[in-house]
Amino acid sequence: SPTIVSPDRSWCCPASKPLPTPPPSPPPQARRVPDQGLTDSLSGFRIRYSPGSVLPVMDFTGGTLLSNGHSPSSFNKFNSALTAGLLNPMSPPPPADKIRSSPTLFEMMASEPDIHQRTQNQAQIQAPTSGPRQNQPPPVMDKQVLTMQRISDLLSTRSPGNQFNDPGLSDIKLTLSSKDGISVSMNVHRQILVAHSRFFAVRLSDRWTKQQRNGSTGPYIVEISDCDDVEVYIETLRLMYCKDLRKKLMREDVSKVLGILKVSAAIGFDAGVLSCLEYLEAAPWAEDEEEKVASLLAELHLENVGAGEVLKRVSVEVANGTDEGSDNEEVILKLLHVVLEGKDEKARREMKGLVFKMLRENSSHNDLRKESLYSACDSCLELLRHHFFRAASLDLQDASQIARQADNLHWILDILIDRQIAEDFLKTWASQSELSDAHSKVPVVHRFEVSRVTARLFVGIGKGQLLASKEVRCLLLQTWLVPFYDDFGWMRRASKGLDRHLIEDGLSNSILTLPLAWQQEIFLAWFDRFLNSGEDCPNIQRGFEVWWRRAFW
């Protein structure tokens, strides 16, 4: 590449671009000869080439006035124009309408759509060439290739002194082949296999070895076909060469140990079976591994060698003469009473949700009798009545127990409805006329939780979760509808997570299940109350419209 050198050899640098070839004839300005005064004056500056540029720049070394009257600043302007390319002698002069070196802001805004359109067109043109490379999936290694890689690592890695797969000291060439076409050969020792495995002790007996040798001095050839998992089989054989099997298994996961246990049981490797069972008894299981452990142990029938200790984690031993169901019911009832009597409200809410979830998942089993649930329900109802009547007589010392016991009843009612055995509770609650009569004497701040129990019954009837006679449904409305109206405003403001629309729909549907004459009486009373209470009264307008169509259309 060419090199640019200053006139006085003060610096030089390689040119980043090739120098342009000189024109065949210089322009007219180049042929003009300056006068002597101008020549003397021009000796104070020189023309240099800036690195990376092919355009000359006039460099001044002095600040004297030129003989023709031009100051050095005028040449600075000349340099700027020359550098910008406006006065480049190699190019024709620019047209008159393009003297400006950069466009104005208005011109840039006006040309922006054209720029975007050109960019999109270029992207559309380049997309077909780059698309196939981007959409091409990464290479995926075959499953058998990965398996063979792991098997190769198993056969090549052994600790110092370990004779597994040692071709110099082994006397058996063992070949394992699986159902999916994998075949692996390894070097093992007859003495170790016979000492640890009942299967190999029979197959590699003295009589068999004599028949196989027939004067040959090479290793015995043993082939085992149709293995479920060659990799696990090799892992099991490696354990026969280990002194501490338990420490070796600690590096494996539950799934791998289950595979080793299955192979160990198949070949009669008793030390391997015991080590695997000890591991499974002590190691934690994931939720999906629990079923695999129980299924495999039941399949292998290893109760006499320690499988029972492992299964104690997932099963309960039943003593002679006792019923397993009664034990389960006793445990569940204990949990129920602990939740009902707990003192920390936040913890009680969390445990109520947990126990309800567990009972719902196990609702198909006879683990909790109906009588046991109603026994807990009756206890809560008696405590509610006791504290409610005390509060009605202006004894507010334990008035907070009213909301607590009402909340307990609401929780037990959810369990009864989920198990479809709540009809008896509906009858009991509908007959609490004494409690309803004393309702207005208790401050609303203490009593509004009681109306949540009534609201839950309305929702259950309205959604078809409770099937009771029309007499019981009418008795429920006669006993608790007015107290429910009185507490609705407080319920709406004070109860967190209250679904107002769900309760209003449940009440509407409950009223609409009654005979038309009873519907008319209830809806007309609500109409008057709603006009005077507004938001503090439930809006059952939808039910009112249904009754209106039924009565007048």
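1. The volume is the space filled by probe spheres set on the points, which are joined across faces, edges and corners. The structure holds 1 cavity of 30 Å³ or more.

2. The model is predicted, and local features need pLDDT of at least 70, while side-chain atom pairs count only at pLDDT 80 or more, and totals for chains, interfaces and linings use all residues. Residues are numbered from 1 along each chain as its sequence is written, and side-chain values use heavy atoms, with hydrogens and water left out.

3. Lining the largest cavity, with an atom within 4 Å of a point, are E235, R238, L239, K248, L249, E252 and I260. Two or more of these residues come from each of α9 (230-239) and α10 (245-249), helices being DSSP runs of H or I with at least four residues, numbered from the N terminus; α9 gives the most, with 3 residues. By class, this lining has 3 nonpolar, no polar and 4 charged residues, with Asp, Glu, Lys and Arg counted as charged, Ala, Val, Leu, Ile, Met, Phe, Trp, Tyr, Cys and Pro as nonpolar, and the others, Gly among them, as polar.

4. The second largest pocket, a pocket being an open set of points with protein on both sides within 12 Å along at least five of seven lines, has a volume of about 600 Å³. Its lining comprises 17 residues, and R349, K352, D407, E449 and R452 lie nearest the centre. By class there are 10 charged, 3 polar and 4 nonpolar residues in this lining, to which α16 (345-361), α18 (400-418) and α21 (444-462) each supply at least two.

5. Beyond its neighbours within four places in sequence, F425 is in contact (heavy atoms within 4.5 Å) with Y374, C377, L409, L413, L416, V453 and L457.

Technical notes. On a 1 Å grid over the protein atoms alone, a cavity is a set of points where a 1.4 Å probe fits but cannot get out, and a pocket is an open set with protein on both sides within 12 Å along at least five of seven lines; lining residues have an atom within 4 Å of a point.
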